[in-house]
Amino acid sequence: MQTTRKPWKLLLSSALILTLLAGCGSGNSNEGASDGGAAGSEAAVNKEGFPIVTEPVTLTMMAPDVGIQNWENMAVLQEMQKLTGITMEFQNAPKDSFETKKNLVFASGDYPDIFYAAGLTTAEQMNYGEQGILLPLEDLIDEYAPNFKALLEENPDVRKSITAPDGHIYSLPVVELSQHWYRNPMWYNGDFLKALNIEKLPETTEELYTYLKRVKEEDPNGNGIADEIPISSVTTTAANLRDIRTWLLGAFGVYEEEIYVDDNDVVHYTPLEEGFKEYLTYMNRLWSEELLDHESFSQTAEQKKAKAQENRVALFSDWHAYMTKGGEPSTEDPMFAPVRSESVAAPAIAKNRGITTGAFAISESNPNPAASIRWVDYLYSYEGAMFFNKGPEGILWEYTDEANRVKQYLPVPDGKEMEDYRATLTPNYGIPAPTLSMDDINKGLKTDFDLWVEQETQQKLLDKGARIPFPALFLTVEEQTEISSLNSDLSTYVKQMEAKFITGAEPLSGWDNYVATVKKMGGERVAEINQAAYDRWKAN
């Protein structure tokens with residue numbers, strides 16, 4: 001194992017059914033046992049079945065915590081200890097400060113045995129993998145992780161996306177092949193549609209403009225006051241307008257706000273694209289006519305929701321419409337159907353990559369990497385994914401037809417919301433935890449509203465050609481260093497200029513000067529670097 005430290009090269013910076021582990025939960029045989037540990041390890045590892053180890057093993061696990069339940073008291077983790085023979089000592093840090101804590105731990109030289117839901121960036125994986133702090137996992141996967149190995153065989157793009165340029169796999173991902181949204185959808189206020197007798201949703205940018213204009217002028221909330229807000233957005237630490245930008249960029253043929261690859265495998269840097277200029281022009285039109293909320297560059301999500309709950313907002317983004325409007329889930333607030341401008345034949349619709357890297361890693365201090373990889377491999381089976389998603393059977397849910405994986409929910413304790421209660425049972429709540437999301441997990445548990453949302457997604461996004469804008473992939477250490485350096489100034493400049501162009505603080509006649517500045521700052525180089533990385537990914 002590599003123990004010397006190389007100089008840090010990077011600045012520190014986030015439906016498919018598989019065969020269950022043979023005999024899981026049904027045997028204690030040591031047949032097929034292997035040492036499987038680091039030097040000095042004494043606990044043998046069973047390659048199949050439970051328990052995982054022949055003698056008790058204790059490992060340390062670092063993970064973010066949402067603050068609802070202490071991990072040692074979670075039913076899922078308590079049961080995992082009984083099943084596997086592995087005791088986890090949890091080193092949790094609050095979710096909001098976890099990145100800072102993680103960076104301090106890497107700098108300290110005192111590492112946990114396992115990083116869980118750590119959101120390790122590709123840069124961190126390369127940096128700490130190269131230094132030997134994070135262990136390569138590919139050989140362990142081949143020998144001790146049959147579920148995850150099967151996943152890689154059935155989905156080659158997953159292997160390509162988690163393999164670093166040096167050929168090693170340093171972390172396992174979150175795999176959500178059944179979650180299709182690139183970002184939260186936008187939703188129409190159904191009350192306004194009814195008030196304006198809208199029977200067909202807008203299909204073009206002009207039709208959308210006309211609808212938003214009517215919202216502003218025709219008092220659809222019926223209070224006699226011109227207080228309607230046609231479209232509202234928010235500003236976050238990530239970016240202004242991030243919640244609505246992707247859906248409106250698509251009207252001009254652009255899949256993503258920074259980089260995307262076209263049908264000819266050419267990588268584009270969006271802030272230099274003609275489609276981005278058309279988007280800015282359109283948004284400036286909405287702004288100048290007060291169709292885009294003038295507080296969009298300053299307000300929080302909670303402030304936007306307060307306006308919507310006064311029945312003032314016509315179009316907005318959220319996971320579901322009722323989460324902004326308030327009240328109960330409703331099928332009366334339709335999902336936004338992506339519109340197209342005159343310059344394209346069809347809108348560009350972004351689809352979720354389904355892969356989030358950096359969810360599980362093993363450090364050099366781990367005394368038993370084989371036991372660790374077997375522990376997490378269970379989460380990539382149906383049974384393990386179900387267990388970590390919903391908790392043990394009999395608490396939150398039960399089977400009504402186990403052979404066909406059909407389930408029903410059980411009553412939750414009085415005064416508790418279901419999701420809050422679920423968060424007391426399992427760590428897989430609100431964090432990027434390693435697992436495989438599949439449709440069968442929710443088989444029998446979906447409400448009529450859930451099925452309606454799936455239908456809206458299918459008809460308005462998937463059937464209309466939604467695709468992944470750019471795959472999850474690695475840059476080399478040198479490429480990542482250069483990209484980080486370029487983006488430190490570029491991202492800030494582009495964000496500022498977007499706001500200025502939209503609000504009119506900078507006239508669109510200044511576009512050519514803006515383009516020249518972006519090119520001088522390295523915008524074209526960003527595309528070149530990502531093109532090289534994409535070409536490598538494509539060739540693998």
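**Close-up views of a predicted model**

**View 1. Six strands side by side.** Here 6 strands make up an open sheet with mixed pairing, in the order β2-β1-β3-β10-β4-β13. At its edges stand β2 (86-94) and β13 (435-437), each of which pairs on one side only. Neighbouring strands are turned by 25° against each other on average, direction ignored. Strand β1 (residues 57-65) and β2 run parallel and are joined by 9 bridges, and D65 has P94 in β2 as its bridge partner. A few terms to keep at hand: two strands pair if DSSP finds at least two bridges between them. Helices (H or I, at least four residues) and strands (E, at least two) are DSSP runs, numbered from the N terminus. Axes are lines fitted to C-alpha atoms, for helices over the stretch in contact, and angles run from 0 to 180 degrees between N-to-C directions.

This is a predicted model, in which local features need pLDDT of at least 70 and side-chain atom pairs count only at pLDDT 80 or more, while totals for chains, interfaces and linings use all residues. Residues are numbered from 1 along each chain as its sequence is written, and side-chain values use heavy atoms, with hydrogens and water left out.

**View 2. The largest cavity and its lining.** The largest cavity holds about 40 Å³ of space. Its lining is made of P64, D65, V66, W71, M74, A423, T426, P427, Y429 and I431. Sorted by class, the lining has 8 nonpolar, 1 polar and 1 charged residues. (Ala, Val, Leu, Ile, Met, Phe, Trp, Tyr, Cys and Pro count as nonpolar, Asp, Glu, Lys and Arg as charged, and the others, Gly among them, as polar.) A cavity is a set of points on a 1 Å grid over the protein atoms alone where a 1.4 Å probe fits but cannot get out, and lining residues have an atom within 4 Å of a point. Grid points are joined across faces, edges and corners, and a volume is the space filled by probe spheres set on the points.

View 3. The pairing of β6 with strand β9 (residues 313-317) is parallel, over 2 bridges, and I229 stands opposite V313 in β9. Contact means heavy atoms within 4.5 Å.

**View 4. Helices α17 and α19.** Helix α17 (residues 477-503) packs with helix α19 (residues 523-539) at an angle of about 145°, and their axes are 10 Å apart. The crossing of α17 with α19 is left-handed, a term used if the near helix is turned anticlockwise from the far one by less than a right angle, with right-handed for clockwise. On the α17 side, the contact is made by E479, E482, I483, L486, N487 and L490, and their counterparts in α19 include R525, V526, I529 and R536. The contact residues divide into 7 nonpolar, 3 polar and 4 charged.

**View 5. Helices α9 and α10.** Helix α9 (residues 242-249) and helix α10 (residues 274-288) pack at about 115°, with axes 10 Å apart, and their crossing is right-handed. I244, R245, L248 and L249 in α9 meet F276, Y279 and M283 in α10. This contact has 6 nonpolar residues, no polar ones and 1 charged.

View 6. Strand β11 (residues 397-401) and strand β12 (residues 406-409) run antiparallel, joined by 4 bridges, with Y399 opposite K407 in β12. They form a hairpin with 4 residues between them, and R405 in the turn has a positive phi of about 65°. D265, in the loop between β7 (259-261) and β8 (267-269), also has a positive phi, near 65°. Most residues other than glycine have a negative phi, and most peptide bonds are trans. F50 and P51 are joined by a cis peptide bond, with omega about 0°; P51 lies in the segment before β1.

Definitions and conventions. On a 1 Å grid over the protein atoms alone, a cavity is a set of points where a 1.4 Å probe fits but cannot get out, and a pocket is an open set with protein on both sides within 12 Å along at least five of seven lines; lining residues have an atom within 4 Å of a point.
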